[in-house]
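Here's a quick briefing to read with the model open. Have a look at the chains first, then work through the notes below.

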Protein chains: 2
Amino acid sequence: MTADILNPFLQAVMDVLRTMAHVEPRRGNPRLKGQEDGCYDVSGVVGLTGQVQGFVSLSFQESAALHVVGSFVGEPALAVDEHVKDAVGELANMVAGGAKSALAAAGYDLRISIPSVIVGPGHTISRPRGIPCIEIPFETERGPFTVDLCLKLEP
Amino acid sequence: MTADILNPFLQAVMDVLRTMAHVEPRRGNPRLKGQEDGCYDVSGVVGLTGQVQGFVSLSFQESAALHVVGSFVGEPALAVDEHVKDAVGELANMVAGGAKSALAAAGYDLRISIPSVIVGPGHTISRPRGIPCIEIPFETERGPFTVDLCLKLEP
């Protein structure tokens, strides 16, 4: 996965968190996603098709999800309810949409699916076999979230 | 969601389970997916883009996943390991691919994403707001699985 594909997603995460959720996360170093999956409580997953194929996911520990969503919607989020699930899906959608726009401007043809939102204490999102996967850790003042980017370029 | 969209997915599930996994599930009645989500242990999720937008997921309780995957790969599956995760992703991919082929033959343009596989005891897949969602329950001799179909037609 080259920087010209990776960077639009990194940029989109920072843009969406800053401008939409007013949260300034600290970004860790992108790393290859291994078999040792991280565990999360709420994830938004968006499928990518076209020249860039795969998926991007935003996975939150509960405390981070409530913090980011509370800031995003402008009122405290106290539990992972319907509003929080919708908001996590919307954040994932905006990240994928932002990256798609930047990639389209660079000449890549891709489409993004409607987000699916998964809720469950300590769930993991697996690395598909044969697909390059990068995980990018982020830290907020109320806990971590991770962006998984599993994709390949259509030859 | 009309029958001409729903039926290719129902048919693909039965075809894949029968011909690839040699499992003959009993199908329950499709119903609108409500706020009361079912709880699963392993899910494969495939994003759909194009004229048919959304996602399709296959969600298994662990016992059903081990049964279906064991029959699919031809040797007993004893735990949800890398092989089982890969197989659940492959089953979801084949269901989406089968439905895509039937829908393409009927004149619909759609693309399917690489599957993401979620593992976690008792996780749920949420219904996106504003998107019609149907859940179709299936029963195997070792427990249930469910197919969620959340999609809309691009106008």
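How accessible is Arg31(B): buried, exposed or partly exposed? Arg31(B) counts as partly exposed, at 43% relative accessibility. Keep in mind that this is a predicted model.

**Salt bridges within chain B**

- Arg31(B) and Glu135(B) meet through their side chains in a salt bridge, 3.1 Å from N to O.
- That pair ties together distant parts of the chain: Arg31(B) sits in strand β2 and Glu135(B) in strand β7, 104 residues apart.
- Another salt bridge joins the side chains of Asp148(B) and Lys33(B), at 2.8 Å from N to O.
- Here the partners are 115 residues apart, with Asp148(B) in strand β8 and Lys33(B) in the loop between β2 and β3.
- Both ends are tucked away: Asp148(B) is buried with a relative accessible area of 1%, and Lys33(B) is buried with 4%.

**Around strand β7 of chain B**

- β7(B) covers residues 133-140 and is mostly covered itself, with seven of its eight residues buried.
- Strand β1 of chain B (residues 26-27) runs antiparallel to β7(B) and is joined to it by two bridges; Arg26(B) has Glu139(B) as its bridge partner.
- Strand β2 of chain B (residues 31-32) also pairs with β7(B) in the antiparallel sense, over two bridges, and Leu32(B) stands opposite Ile134(B).
- With β8(B) (residues 143-153), β7(B) pairs antiparallel over eight bridges, and a hairpin of two residues connects these strands.
- Ile134(B) turns up again here, as its bridge partner in β8(B) is Leu149(B).

**The contact between chains A and B**

- Each side brings 33 residues to the contact: 33 from chain B and 33 from chain A.
- About 2600 Å² is buried between the chains, and carbon and sulfur atoms give 53% of that area.
- Thr49(B), Arg111(B) and Ile114(B) supply 23% of the area that chain B buries against chain A, more than any other three residues.
- Seven residue pairs are in polar contact between the chains.
- On the chain B side, β6(B) gives the most, with ten residues.
- By type, the chain B side divides into twelve nonpolar, 13 polar and eight charged residues.

**Salt bridges across the interface**

- The structure holds twelve salt bridges over all chains, and four are found across the interface of chain B and chain A.
- One of them pairs the side chains of Asp86(B) and Arg129(A), at 3.2 Å from N to O.
- Arg111(A) and Asp109(B) form a salt bridge too, at 3.6 Å from N to O.
- That pair crosses between chains, from strand β5 of chain A to the loop between α3 and β5 of chain B.
- Arg111(A) is partly exposed at 24%, and Asp109(B) is partly exposed at 39%.

**Strand β6 and His123(A)**

- Strand β6 of chain A (residues 116-125) and β6(B) run antiparallel and are joined by five bridges; Thr124(A) has Val119(B) as its bridge partner.
- His123(A) lies in strand β6 of chain A and is buried, with a relative accessible area of 0%.
- A polar atom of the His123(A) side chain lies 2.8 Å from the backbone oxygen of Gly120(A).
- Contacts of His123(A) reach into both chains, including Tyr40(A), Ile118(A), Ile118(B) and Gly120(B).

How values were computed
Residues are numbered from 1 along each chain as its sequence is written. Chains are lettered from A and ligands numbered from 1 in the order in which they are written. This is a predicted model: local features need pLDDT of at least 70, side-chain atom pairs count only at pLDDT 80 or more; totals for chains, interfaces and linings use all residues. Side-chain values use heavy atoms; hydrogens and water are left out. Contact means heavy atoms within 4.5 Å. Buried area is the accessible area (1.4 Å probe) that two parts lose on being put together, summed over both. A polar contact is a pair of N or O atoms within 3.5 Å; within protein, one must be able to donate a hydrogen and the other to accept it, and residues adjacent in sequence count only if both atoms are side-chain atoms. Helices (H or I, at least four residues) and strands (E, at least two) are DSSP runs, numbered from the N terminus. Ala, Val, Leu, Ile, Met, Phe, Trp, Tyr, Cys and Pro count as nonpolar, Asp, Glu, Lys and Arg as charged, and the others, Gly among them, as polar. Two strands pair if DSSP finds at least two bridges between them. Buried means under 20% relative accessible area, exposed over 50%, partly exposed in between (1.4 Å probe, protein chains only). Lists of a residue's contacts leave out its neighbours within four places in sequence.
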